Amino acid sequence: MDVRTGEGTWVELDEIAEGPGPCTMSYGFSLETLCESIRKVGVISAPLVSRNEKGGFDIVSGYRRILALKALGEPKAICKDVTSVLPSGLERLLANFYENLATRRFNEIEKAMILDRLRRHLKTEEILTCFMPLLSLPSHKDTFEFYFELLNAEQEVQLAVAREELSVRGVKALFELDKESQRVLFQWISGLRLNFNQQMNIIEYINDISKREDMSISQVLSEEPFSKLMKNARLNNPQKAKKMLEILRFRRYPRLTRAQQVIESTLSAISLPPRVHIRYDPHLEEPNYHLEVEFKNGKELRKTVKDLHALDQLEAILDPWASQ
Amino acid sequence: MKLMIKAAILEKGAEEYSFSQRVVEQLRGSCPIKRDQPLSVPRLDEFDLDKRTLRLVSFPGELLKPCPGTRGYLCCGYQILNIGTNCPLDCSYCILQVYFNQPSLRVFANVEQQLEAIGEALAASRKKIFRIGTGEFTDSLALDPIVKWTNVLPSFVAKHHNTVLEFKTKTVSVEGLLSSPHRHRIVVSWSLNSPAIASGEEHGAPSIKRRLEAARACQREGYALGFHFDPLIEHPSWKEEYGRTVDLMDRYIDPAKVVWISLGCLRYMPSLKRVIRRRFPESHILDGEFISGLDGKMRYIKPVRVEMVAFMKEKLEQWGVGRGVYLCMESSDVWEKGLGWSPGTSEGLSQYLDNRAREAFGI
């Protein structure tokens, strides 16, 4: 196929079918910049269209350009009619795919749209081995299935993923849960604007807690500490997010958290000389503490060591698990 | 345990071995047998392990390798004889679910051809004791009714006086062993757990009682025994539950003829958690307080490990096992606090177990 041989022709925009059609793959975009560009310099590259069964046109490539032209009130546009040079649906889809692949990065919903469209033409094995690597995705059937699940997700979840407000790992973890848990957790994640790490932590803690305590995630989150936290007008979102994670972490890891608190409180009660730090493994797996001393010269080091030596409080530091 | 093999595949490259012919003959009439190219792509479905297809494969790499151990913890210096990968049992905690990226029960058809070279390596280090096991990447005996490693490996060990071979299993497939004339320097080991974990998490595996009955049969036939409580799992009434297992051991086994018993608390690669959640949604084995260990694997917080190990040590001592209890992939301070002593280093642990082998077999 060679799309360069497609004929340039004026097409009435009313003749072009609404919606992205079977070939295009754009989602979660803004038309503002494109409209401004068209206003200034016109459409540089003609959209590709093909005749459909109703006598009108489907967009093969240039969905956003057509939408922008419509938004600008243009009645018609020069398009390339590729009906004869790209006779099959697969060829049209691939023309759009490779054009986009070469010029921009796909968001995750767009990747899902691409896989969904490819699935109508190709066998799963071919998509897994040939196309998923092009989309920077692992060739796993599970990942393949995940992207279809993504297309069935609520619109607000899809938008959050496309806008990179919800991580792929986060949404994957959500999909492991029942629908109600997904809905409730998504509200918390988007309401508190959790970052990607916080998203993963909250999903993992709460899922573990719900399994261990045989409670639903909704039940856990409707408990008083969480409802009170949400209503607390004195805390902003990042503070609420931090507090929520603390509550969940303590409930999930009570002994570890308590032991860490004891160590923290012991260390903070010691008046260490300036530029001296005591570090420890937060998992309390490494048995030793680490002493870090910054110094400019030997004289300063000698003084620091002397000051440390004189500190009686050091003996309050015990084996990391001594409190247990 | 009835093996539910639904298909066998003879891979190109494996047909030439007499082992393959014997296995094909054994399977003929019980399931379809196909010929196929070696798998070139990894498993596409991470949750489908295809445990009912047996693949006869020619393994291109070295079959005898030291256990890789794990960073930051003491390793016993074991040697792994890689006879195949994956296992027909389906334990929820099994690391093999994420360890290999190829599906099916893979049996290496070229082991016999490599034994000569392995034998030369063993002979080249006469003063070194080789503790070799086949149960790391598969169950040593689960497929034995078909593949009959017990016909091949004990006679090989008989020729190498510095070698001890351990068959590690959860099954009762001991017919091959019971009919083998070569029993010296063979340790038959059972992986044990609490009855509750065995019935709830070790899918397809015989009960603890049946395992111990099989162990008793082997002990009566003169085999040295080993046991592995790995993974120890924190679960409701775990002390009573593990105590029940030791009580059963007392009923069936003479502790004086047990060479070693390993203890290891549940640990897993982080990627396994998702697989367990998906494949075994009712499982509660992930309920405990797990931290990321020094090797990046998830393991219980230290006081839990110490408590479990100390409890098991006490129980086993009460039963009558004094020496030979050791920890698999643990830190020196858990050894100290849990068992009351530590070999200090991996080399120290290796020597300790070599000495156990010397005492047991007069090496």
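What volume does the largest pocket have? The largest pocket has a volume of about 1400 Å³, in a predicted model where local features need pLDDT of at least 70, side-chain atom pairs count only at pLDDT 80 or more, and totals for chains, interfaces and linings use all residues. Residues are numbered from 1 along each chain as its sequence is written, chains are lettered from A and ligands numbered from 1 in the order in which they are written, and side-chain values use heavy atoms, with hydrogens and water left out.

A pocket here is an open set of points on a 1 Å grid over the protein atoms alone, where a 1.4 Å probe fits, with protein on both sides within 12 Å along at least five of seven lines, and its lining residues have an atom within 4 Å of a point; points are joined across faces, edges and corners, and a volume is the space filled by probe spheres set on them.

The lining of the largest pocket comprises 45 residues, and R169(A), M200(A), E204(A), P270(B) and K273(B) lie nearest the centre. Helix 10 of chain A gives the most to this lining, with seven residues, while strand 16 of chain B is among the elements that supply at least two; helices (H or I, at least four residues) and strands (E, at least two) are DSSP runs numbered from the N terminus.

Three bridges join strand 16 to strand 17 (residues 298-300) of chain B, and F290(B) has Y300(B) as its bridge partner in strand 17.

Conventions. Two strands pair if DSSP finds at least two bridges between them.
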